Amino acid sequence: MSELTVIAKAVAQPGKGDELERELRACVAPTRDESGNLQFELHRSVERPEEVVAIERWASKEDHE
């Protein structure tokens, strides 16, 4: 099995960037605790505050599913 990296971008409605980030941050710890999770990070764009990017690394595709 090979490692899987997922990069996902979420864009909030105007003025809802803080709400989106708060909701996504609530998922960080539970996701990191999942079997096979190697990394889960969120990054908020400085230029586009409505945009949050998640980077996930998993031991395998099966672990991600």
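Predicted model: local features only at pLDDT ≥ 70, side-chain atom pairs only at ≥ 80, totals over all residues.

Me: Is Pro30 buried, exposed or partly exposed?

Reply: The general idea is to compare the relative accessible area with two cut-offs: under 20% is buried and over 50% is exposed. Pro30 has a relative accessibility of 45%, so Pro30 counts as partly exposed.

Me: How far apart are Pro30 and Phe40 in space, C-alpha to C-alpha?

Reply: The C-alpha atoms of Pro30 and Phe40 are 10.0 Å apart, while in sequence the two residues are separated by 10 positions.

Me: Which residues make up the largest nonpolar core?

Reply: That core has 7 residues: Ala12, Leu20, Val28, Phe40, Leu42, Val52 and Ala54. Two or more of its residues come from strand 2 (37–44), and strand 3 (51–58) likewise gives two or more.

Me: Which residues does Ala12 touch, leaving aside those up to four places away in sequence?

Reply: With those neighbours set aside, Ala12 touches Gly17, Leu20 and Glu50.

Me: I now turn to charged residues. Why can their side chains pair?

Reply: Side chains of opposite charge can pair when their charged atoms come close. In this model, a search of the whole structure finds 7 salt bridges.

Me: How close are the N and O atoms in the salt bridge between Glu51 and Arg48?

Reply: The closest N and O atoms of Glu51 and Arg48 are 2.7 Å apart. The cut-off for a salt bridge is within 4 Å, so this pair qualifies.

Me: Are Glu51 and Arg48 buried or partly exposed?

Reply: Glu51 is buried, because its relative accessibility of 12% is under 20%. Arg48, in contrast, is partly exposed at 38%.

Me: Which residue forms a salt bridge with Glu19?

Reply: The partner of Glu19 is Lys16, and their closest N and O atoms lie 3.7 Å apart. Glu19 is partly exposed, with a relative accessible area of 38%. Lys16 is partly exposed as well, at 43%.

Me: Are Lys61 and Glu65 buried or exposed?

Reply: Both Lys61 and Glu65 are exposed. These two residues form a salt bridge in which the closest N and O atoms are 3.9 Å apart.

Technical notes
Residues numbered from 1 in each chain as written. Heavy atoms only, no water. Salt bridge = Lys/Arg side-chain N within 4 Å of Asp/Glu carboxyl O. Buried < 20%, exposed > 50% of the residue type's maximum accessible area, 1.4 Å probe, protein only. Core = buried A, V, L, I, M, F, W, Y, C linked by side-chain atoms within 4.5 Å. Helix = DSSP H or I, 4+ residues; strand = E, 2+ residues; numbered from the N terminus. Contact = heavy atoms within 4.5 Å.
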